[in-house]
Amino acid sequence: MDLAAGRIVASERRAIRHVDPVLIAAAIGLAVIGLLAIYSATHQSLAAVGLDPGRFVKRQLTFLAVALIVLMLAASFDYRLLKVYAGIVYVSSLVLLVLVRTPIGTSVKGAQRWFELFGFQLAPSEVAKLALIAMLAAFLSEVRGELTVQDVFRTAALAAVPALLVFLQPDLGSSIVFAAILVGVLVVAGARARYLGLLALTAVVLIVAGFQVGLVREYQIERLRAFLDPASVSEDALHNREQAEIAIGSGGLMGVGYLKGSQTNLDFVPEQHTDFVFTVVGEEFGFAGAVVLLSLYGLLLWRALRVAMLSRDPFGTYLAAGIASMLALQMFVNVGMNIGIMPITGIPLPFVSYGGSSLLLNFAAVGLLLNVHMRRFV
Amino acid sequence: MFAALTTRLWFLQVLAAEQFRNEAKDNAVRVVEVPAPRGVIRDINGTQLVNNKLRLVLTVNRQELGDDAERVLMELSRLLNIPADELGARLDDALKRYYVFTPVPLVVGVSRNVALFVKEHHDSLPGVDVLELPVRDYPLGSVGAHVLGYLGQISKEKLKDPGFAGYKPGDLVGISGVEGAYEHDLAGTPGLTKYRVNSLGQNLGQIGELRPQPGNDVVLTIDADVQELAENSLRAGIMHARTVYDSSSGADLNANAGAAVVLDPETGAIQAMASFPSFDPSLFTRSMSSREYKRRFGEARSSPLLNRVIAGQYPPGSTYKPFVAASALQRGIVTTDRYYPCPGSWTAPYNESDPSATQYVFNNWTPASLGSMNIATALAKSCDTIFYPMGYRYWDMYYVNPEEQAHGVTSHEPLQRDLGYFGFGSPTRVDLPYEDDGRVPDAEWKRTTHEAYPDSFPEGQWFPGDDILMTIGQGDTLVTPLQLATAYGAIEDGGKVCVPHVLDHVESPDDTLVRRYRPNCRRSVHIDPRYLRYIRDGLTGTVSTPGATATAAFSGFPFGEVSVAGKTGTAQVPPKQDYSWFAAMTDGHGEKHVVVVLVEQGGHGATTAAPIARNIIEGLYGLPLTQFTDIAGTD
């Protein structure tokens, strides 16, 4: 025991030297852009109602500080411990997802997604994302040899449970993220394309059935329809989309300048500090700013995939792959809906959007990536 | 994935950026219209007849009032000391001038205290506001009310009219009078103020301004002094008439309404246009309940809003005779050198084709025979029995011989054609809205009217009596006082008919001339000017020769100083009392005027209308005004 502890301490000393500064810098860079954008999006409307214009940005800064601590915590222990406890973490996250549906959870706009904790909101769906990644990684790393069709469907079942629970909240966006994590991990684990195809077919059948029995809420259908056929839907759904496009489009090549965007400052884009924060970057920093932002994601994902490749064990590889898929999909869906090529779903932009849960979990994810990366030689 | 995002961003931010930039600008900028100050209306001497004054106006927006209407109206009632149901009825406005979504001006000229109270109790008085607004102000009160007209919100029909392009629902426009006729001069162009707003529409400050272009000033040919004189004389004469006993109806004269017009025969410029009863135009700056509207402007009050000078149609009675005489002289039916008998009655000639037909007897206005006289004297003494035979001759001419019929000629109606030359039967085209046509009946009119209304108009055939009664301005003949004045102007001016007008010129707010009204006079009367001069000279006898109809009314008048040629008229409008007419042409001090006066149910022309006309003429030439006294009835 003493020996083991000593060995761990020794390896920790060595591990810290293998931290990936590029990964950390990319994540913090995105968070800083987020802070700037949140301030721009909120200071005018807060001042207009007599509140501190820095209210939101200060809260986000606090989250960021906490998030950095979470990052260090997530990097500090040996990630292989997570493989041991993955089952417990996974089941706990499912319990939280069920509890949020009870009166303990807080309802916003007809959707129950949060717990109110010490004045902060905790979204269990965010926790569940990491928990699922850990669970899938743990499960798949135990599979010997090539993945059988049973393995694929068992893995899918693990993802389907939280996906269904968040879908009922209803939070279509998070369900899609769970699906993306599943696909990402399965692909990296070498699942045959045939099996993936079969899985997709099953999913489509189930989703269509879901529509038929009315599991999908009216507003979700409407948002989806707004994307597919802009002329047919309510003004509210169209409004989101139009205002976002106007904001980004009016930014032009170089942007209108920080704090100068009329769409941003005058509150024309709904949910602008959360789901539509990308429009601030688009309007005020233009195409150049948007490309810088996307480049940071590119950097982040490159480093994440590099971690997956360098990992010394399959668990680390699958963990990194799951995290990379999660971040990539969230980024793509969010930016995509901001610029009108994806339907509007409630997915925040990782590291950038206002919101504690998302920020903490994303930094925790980066912490885990660092964890895997640092311990690749031990 | 990154390629897809970047491509889309390139499209949005680089290729389509211009369009989105404009949309963002539209989003963030609100444009508020700044009303243009409406032009001032002045008289020919520069006296302001209508200008604008800032007044505190209490407005109520019916849509914002919602369910609270009753409570709010009760509260306003206490505040303003006006019954709540009256306030509620004002919201609906008798003239329906206000749109549901625009604030209705309930009370104009509330006190500062009321304004403060409303501002302080904004929450408990939803939809209620007190605004300081420029409101039409009338320095001379009701003087010229009918000429000036009033404003109201633009009607739906006008909004569709291309002539009102640029107007929006709720905009104020001139509805009647000069306000209506010269709307486009007076209105000006509204300005714009640009504000930045947020998505809640909150004002974040002004970013641009386009100053309103004030409306132009309209200067009228109306002379405020003459206008006031005409209105006062008309009112005083009517008040006196109401004390005069009318033997034919066995009661005092009703004299419920009247009209007077003064114009320049050489240009058609109208110097005064009075209609009794009149109204206070400032009442129209606010909304009005139907009850108040009816009480003030109903038929029981003789419809004060009606401008009787242009929109009142009456049988002209004997004031028509000069035009019939002109036609008869021109066509050789009568001559200037012959004398004609004036018996107490005249019987239409025996009808050879139908021996059983009734013999129609037409009476003179007096049963006594007035002896033989020439046409000039027949006019001065207004002998009906000299004019009836003229009518019968016109009836003779009406017939078409078979040869003419073969050439498609259906009738000869020279009298109607000659009366048309003087402007009867068609609008004078005066520059005021809502003018009536009058009527010169002919066979065609009678037939079509009968076909359209067979029950109320049972006879469709043209009879000798139609021509005979037309010679004394009765039957189906109708004229407006302005038509009559214009026609007398043509006699005075040697056959030139001028389009009457109230506009002298339009000038910009900095007093530069924009345009001047060009008098529109045409020698359209195809009658030898010698005959017109003969008639004009003959009409001087009306007021000056012994035994003529208006000699008594003009006794003591200084004809040496001012020449007056006139004609009385007593129009029968059964079952009402007779309508009293007087038309005059005056010449003195180098000025010519035509004065026409009508009093509904005013009895004989000499009794009521002639003394009023005398008063107006005295005022025009600065002579001392004669008191109204009882004058015996002649035609």
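B:A260 stands opposite B:V597 in β25(B). This is a predicted model, in which local features need pLDDT of at least 70 and side-chain atom pairs count only at pLDDT 80 or more, while totals for chains, interfaces and linings use all residues. Residues are numbered from 1 along each chain as its sequence is written, chains are lettered from A and ligands numbered from 1 in the order in which they are written, and side-chain values use heavy atoms, with hydrogens and water left out.

**The sheet in chain B**

Strands β13 (residues 257-263) and β25 (residues 591-600) of chain B run antiparallel and are joined by seven bridges. Strands are DSSP runs of E with at least two residues, helices are runs of H or I with at least four, and both are numbered from the N terminus. Two strands count as paired if DSSP finds at least two bridges between them.

In chain B, five strands make up an open antiparallel sheet with the order β14-β13-β25-β24-β23. The edges are β14 (270-276) and β23 (562-571) of chain B; each has a single partner strand, so one side of each is left without a neighbour in the sheet. On average, neighbouring strands of this sheet are turned by 10° against each other, direction ignored.

Helix α11 (residues 224-241) of chain B lies across β13, β14 and β25 of chain B and runs at about 30° to β14(B). Helix α22 (residues 529-544) of chain B also packs on the sheet, where it touches β23 and β24 (579-588) of chain B, and its direction makes about 75° with that of β23(B). For these angles, axes are lines fitted to C-alpha atoms, for helices over the stretch in contact, and the values run from 0 to 180 degrees between N-to-C directions.

**Chain B as a whole**

The secondary structure of chain B comes to 23 helices and 25 strands. Of its 635 residues, 54% count as buried; buried means under 20% relative accessible area, exposed over 50%, and partly exposed in between (1.4 Å probe, protein chains only). Among the contacts in chain B with a separation of 6 or more, 71% come from residues 24 or more positions apart, a contact being heavy atoms within 4.5 Å. Chain B has an accessible surface of about 27800 Å², and carbon and sulfur atoms account for 51% of this. Accessible areas come from the Shrake-Rupley method with a 1.4 Å probe; for residues, only the protein chains shown count as cover.

**Salt bridges**

Over all chains, the structure holds 38 salt bridges, each defined as a side-chain nitrogen of Lys or Arg within 4 Å of a carboxyl oxygen of Asp or Glu.

| Pair | Closest N to O distance |
|---|---|
| A:R192 and A:E146 | 2.7 Å |
| B:R331 and B:D418 | 2.7 Å |

A:R192, in the loop between α7 (172-188) and α8 (193-212) of chain A, and A:E146, in the loop between α5 (124-141) and α6 (149-167) of chain A, are 46 residues apart. A:R192 is partly exposed at 35% relative accessibility, and A:E146 is partly exposed at 49%.

B:R331 lies in the loop between α14 (321-330) and β15 (340-341) of chain B and B:D418 in helix α18 (residues 414-421) of chain B, so this pair ties together parts 87 residues apart in sequence. B:R331 is partly exposed at 32% relative accessibility, whereas B:D418 is buried at 2%.

B:E451 and B:R447 are separated by about one helical turn, because they are four residues apart in helix α19 (residues 443-452) of chain B. B:E451 is exposed, with a relative accessible area of 51%, and B:R447 is partly exposed at 36%.

A network of salt bridges links B:D85, B:E86, B:R90, B:R286, B:R291, B:E292 and B:R296.

Most residues other than glycine have a negative phi, and most peptide bonds are trans. The peptide bond from B:F276 to B:P277 is cis, with omega near -5°; B:P277 is in the loop between β14 and α12 (290-297) of chain B. Another cis bond runs from B:P574 to B:P575, with omega near 5°, and B:P575 is in the loop between β23 and β24 of chain B.

A:L259 is not a glycine but has a positive phi of about 65°. A:F351 also has a positive phi, near 70°. This phenylalanine lies in the loop between α13 (314-338) and α14 (356-374) of chain A, and A:F351 counts as buried at 1% relative accessibility.
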